[in-house]
Amino acid sequence: ATPPPHTVAAAHSLTVLTDLFAERLLVADKVAAAKYGTDKPIDDPVREKQILDDVAARATGLGLDPDAVTAVFRDQIEANKLVQRGLYARWDAHPEERPTERPDLVKDVRPVLDRITTQLLDALVTTEAARAGASCEPRLRVAAVRSAYGHRLDGLHVEGLVRALPSVCATSS
Ligand SMILES: O=C(O)C(=O)C[C@]1(C(=O)O)C=C[C@@H](O)C=C1
């Protein structure tokens with residue numbers, strides 16, 4: 001017999017992914033704090049290429065399509081930059097909101113992003129069926145709303161979360 005469509009369960013399974021997107025976007029605050037007021041630009045094409053080459057190579061070993069995985073991570077990086085730029089604008093306009101400490105990008109911040117990368121790759125494996133399904137898009141929106149509330153995202157980070165979504169559903173490209 002055909003099993004009934006588990007809409008709620010599938011929404012939960014995509015929440016695994018959107019929770020990690022949200023977590024990664026909250027780390028953008030640390031990235032921006034590490035760079036703000038230094039001569040390090042927000043854009044680091046060398047680091048981006050490292051991430052994208054790494055995830056493409058690991059995707060194959062996980063049985064995932066490397067191009068699809070690369071697209072998801074490209075969106076995470078764009079979303080991260082969107083949040084970083086928003087924070088820069090906020091800190092330029094409101095000096096009192098500037099971070100008081102500057103974390104070390106390489107020692108403190110990128111290792112957190114690297115850990116999330118591994119978790120995201122695993123989540124892409126566990127969500128493969130849900131991402132290929134016809135109802136992926138509405139489920140993804142439900143999951144994103146849950147993650148936004150769960151992580152108490154502000155408007156800027158919600159914008160980032162929206163930017164993180166376009167490549168998730170297999171049918172969306
Ligand atoms: O690691 C950095 O320097 C970041 O700014 C983070 C990040 C990312 O999302 O992984 C975003 C923008 C940079 O171009 C490179 C990587």
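From the N terminus on, the elements of the protein chain run α-α-α-α-α-α-α. The chain thus described holds seven helices and zero strands, where helices (H or I, at least four residues) and strands (E, at least two) are DSSP runs numbered from the N terminus. This is a predicted model, in which local features need pLDDT of at least 70 and side-chain atom pairs count only at pLDDT 80 or more, while totals for chains, interfaces and linings use all residues. Residues are numbered from 1 along each chain as its sequence is written.

**Overall dimensions and packing**

- The C-alpha trace spans about 60 × 35 × 25 Å along its principal axes.
- Of the 173 residues, 31% count as buried. A residue is buried if 20 or more other C-beta atoms lie within 10 Å of its own, exposed if 12 or fewer, and partly exposed in between, with C-beta atoms placed from the backbone.
- Among contacts between residues at least 6 apart in sequence, 82% join residues at least 24 apart; a contact requires C-beta atoms, placed from the backbone, within 7 Å.

**Ligand shell**

- The ligand is surrounded by 13 residues, of which the closest are V31, D44, R47, I77 and N80; a residue is near a molecule if its C-beta atom, placed from the backbone, lies within 6 Å of it.
- Helices α2 (45–61), α3 (66–93) and α4 (105–126) each supply at least two residues of this shell.
- By class, the shell comprises six nonpolar, one polar and six charged residues. Ala, Val, Leu, Ile, Met, Phe, Trp, Tyr, Cys and Pro count as nonpolar, Asp, Glu, Lys and Arg as charged, and the others, Gly among them, as polar.

**Helix α2**

- The end C-alpha atoms of α2 are 25 Å apart, in agreement with the 24 Å that its 17 residues should span at 1.5 Å a residue; the expected span is 1.5 Å times one less than the number of residues.
- A57 belongs to α2 and counts as exposed, with 11 C-beta neighbours inside 10 Å.
- A57 and T70 are 13 residues apart in sequence and 9.7 Å apart in space, C-alpha to C-alpha.
- Just after α2, G63 takes a positive phi of about 80°.

- Helix α6 (residues 136–150) has 15 residues and reaches 20 Å from its first C-alpha to its last, close to the expected 21 Å.
- Buried residues in α6 are C136, R139, L140, A143, A144 and S147. Seen down the axis of α6, they fall within an arc of 140°, so they line one face of the helix; the arc is that of the directions from the helix axis to the C-beta atoms.
- R139 has 25 C-beta neighbours inside 10 Å and therefore counts as buried. R139 and L14 are 125 residues apart in sequence, yet 7.2 Å apart in space, C-alpha to C-alpha.
- R152 lies in the loop between α6 and α7 and is exposed, with 9 other C-beta atoms within 10 Å. Its phi is near 50°, a positive value in a residue other than glycine.
- In α7 (residues 155–163), H157, G160 and L161 are buried. These residues fall within an arc of 100° seen down the axis of α7, so they line one face of the helix.

Technical notes. Two residues are in contact if their C-beta atoms, placed from the backbone, lie within 7 Å.
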